[in-house]
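Please examine the structure shown below.

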Amino acid sequence: MRLKKTLLLFENDFQIRTRNNDEDIPLLRDEEIDGDDRPQTPSSQQFNVIRRVYHQDVLNKDADYHLPDKPLSYTAKKAVQSCGFGDCLLNSLPIIKWLPAYKPKTDLIGDLVAGATTAVMHIPQGMAYALLAQVPPIIGLYMAFFPVLVYVVFGTSPHVSMGTFAVACLMAGKVVNEHAAHELPINGTDIAEATLQMTSQYSNVQVLSTLTFAVGIIQVMMWVLRLGAVSTLLSEPLVSGFTTAASLHVLASQVKDLFGIRLPKLGSNYKVVFTVIEVFKNMSNLNWAALIISFITCLVISLNNEVLKPWVSKRSRIPVPIELMAIVIGTLVSKFVDLKTNYGLSLVGTIPTGLPVPEVPPMHLLPDIALDAFTITMVTYTISMSMSLIFAAKEKYEVDANQELLALGASNMFGAFFTCAPMCASLSRSYIQYQAGGKTGITSMVSGALILCVLLWVGPFFELLPRCVLASIIAVSLKGMFMQVAELAKFWRLSKLDALVWLATFLTTVLIDIDIGLGAGLLAAVGALFVRSQRPYTCLLGRVLDTDLYLDIKRYRAAEELPGVKIFHYCGGLNFASKNLFRETLFRKIGYLKGTDEDNLTNKSESYEWDSTLGRKINCVIIDATALSYVDAPGIKSLLSAQQELVSSHITVLLAGANGPVLEMIEKYNSLESEQLQVETFPTVHDAVVYYKMLEIKKEPTITIAT
């Protein structure tokens, strides 16, 4: 038996009788509808639902609505928690959580192999990148030991390899050149400029250590202020575009060693472009021995990663340490063949032994380098968090953005006393460490122990390592980063805005510089959020058959508009930025503004004309606010203006589905403003529809005015 909906009218207590197909929905009273004797599944059972038609204020009274109680003690507790002091006491030492749960049987072998491989990578990379920072090569080895051990204690990402990074060292080198004293002209600097530079009282190492200390201070301050949320601006398109472009900068820094050519020192901006140009200019000076060694090394490592490694992984837990083998074999070949003398290959060079004596950086220099330190802080934090998020997504664990600030800050402040440069996650070493089987922070401990041995005893063995072997390992390890270019097609299909964010970040970073590219990416991401806020989902709702369901009439063919009623659905926030859009879209959807292009959002005076006869066609406008997330005073004022304009055309305006905070904001607005928003509110669209139908029964539709 098919039950038709009936409307029971009482003078003070209106009730409705509807059907509902979901027995799990809480009801005031329900009775199973009599029908045929066939068994019915729970999803097909029908119920007779009877309840009164609720105004929002009546529902609030019946349901005992009240504002959440927030005493002073609660507010103070939340303030302390938001500052992070409670979290600090429990979570500031992540090593306490993961070290007792360490599983030697499953993780130790991978950590040992990855630690050894990463340690060997640290040696030549650290020495080479230290030169970019305008300091002795041994500084790079210090960075692979002192700050890394501190990060193991405080860090939450076990797969990233902290230490030297080309981009961070390049940016630090610019600061060193600006503030350090030089005894002789450097790279074509004239005598007058060199004399001006000699007036500085700080050495290169002192400037670098002060810069590192300043970066650490900024990161710790950001941790105290809980600014790790900055990482939430790192959307997936931004991270993908930024890391892909940064990997090109890393590759560009290795091209000279891959081809065995010498390139002039290039400026920071447009470095990738200028590197490509200089490579083509110097192709006649190509070192064929370096090129052949680079090709063989890249080929062997690639074959291992693509063919041998998957085969071995099915038969053994121990991966093939191909990178470690390549470096050892390259060093031995260089020693017995004398590659430098016979073929002119560039080698790693001298590695001194011993540990440095800690020194306090000159603090008087801090104000002069504060702005540069902030820029380097944002770049290194973004790169480190980007890498951490990539590995966290692969291995299904969480990275604490605020704790990472503490880990980086403490590591940099400690490393500053040992003349280290600002620490950052390395793109190449992190992928090598991950591919070698690193699982936990034990990897960094093993790496640090081996680096200590190098600093004390073994260093001279690697002095003969050809740089082209190192460059080949780096180039192959970046394959995964380069493959992220394919994600652009995915972003384009999902959202054109996301694709534009990727392109803006990638192109700016590649063509100009890392820090500028990061800024452009953040601006593009914020701009995409603003554009989305200016394009909220809006539609007109229609009723589906004899139910209380109201759906988008353009997407559901069974949804039909009620005669004389327009139900406007708005999804998003109603604030100062979207108030004009809300008003115009409302009038356009209900037909108050007539135009040929319904989706055109230009000024109404240019594309639309007012329909002054709308009141003869429409008697009621219901604003569905179930998806209205937030409203501010300008938004309420815009809603008030729209209501007054519609009421002046003899159109009733009802508000349905608004949540508690929105209604509370409207109440606050009415208590402060002389011109108040007086609109009848309902908990659901169906309540508003039934209420309006009851008004039609009692009154003539042409004189129903909501005040």
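**Helix packing and aromatic pairs**

In this predicted model, helix H11 (residues 236–259) and helix H12 (residues 271–281) have axes that come within 9 Å and cross at roughly 20 degrees. Angles under 35 degrees count as roughly parallel, and therefore H11 is roughly parallel to H12. The crossing of H11 and H12 is left-handed. On the side of H11, the contact is made by Leu 248, His 249, Ala 252, Val 255 and Phe 259, while H12 contributes Val 272, Thr 275 and Val 279. Sorted by class, the contact of H11 with H12 comprises six nonpolar residues, two polar residues and no charged residues.

The aromatic residues may be considered next. A pair of aromatic rings is described by the distance of the centres and the angle of the planes. A search of the whole structure finds 15 aromatic pairs. One of them joins Phe 145 and Phe 146 in an edge-to-face arrangement, with 4.9 Å centre to centre and 75 degrees between the planes. Phe 145 is buried, with a relative accessible area of 11%, and Phe 146 also counts as buried, at 8% relative accessibility.

Trp 502 and Phe 506 lie four residues apart in helix H23 (residues 496–511), so about one helical turn separates them. Both Trp 502 and Phe 506 are buried.

To which cluster do Phe 145 and Phe 146 belong? Together with Tyr 142, Phe 414 and Phe 418, they form one aromatic cluster.

Note on methods. Residues are numbered from 1 along each chain as its sequence is written. This is a predicted model: local features need pLDDT of at least 70, side-chain atom pairs count only at pLDDT 80 or more; totals for chains, interfaces and linings use all residues. Side-chain values use heavy atoms; hydrogens and water are left out. Rings of Phe, Tyr and Trp (its six-membered ring) pair if their centres lie within 6.5 Å; planes under 30 degrees apart count as stacked, over 60 as edge-to-face and the rest as tilted. Buried means under 20% relative accessible area, exposed over 50%, partly exposed in between (1.4 Å probe, protein chains only). Helices (H or I, at least four residues) and strands (E, at least two) are DSSP runs, numbered from the N terminus. Axes are lines fitted to C-alpha atoms, for helices over the stretch in contact, and angles run from 0 to 180 degrees between N-to-C directions. Angles under 35 degrees count as roughly parallel, over 145 as roughly antiparallel, 65 to 115 as roughly perpendicular and the rest as oblique. A crossing is left-handed if the near helix is turned anticlockwise from the far one by less than a right angle, and right-handed if clockwise. Contact means heavy atoms within 4.5 Å. Ala, Val, Leu, Ile, Met, Phe, Trp, Tyr, Cys and Pro count as nonpolar, Asp, Glu, Lys and Arg as charged, and the others, Gly among them, as polar.
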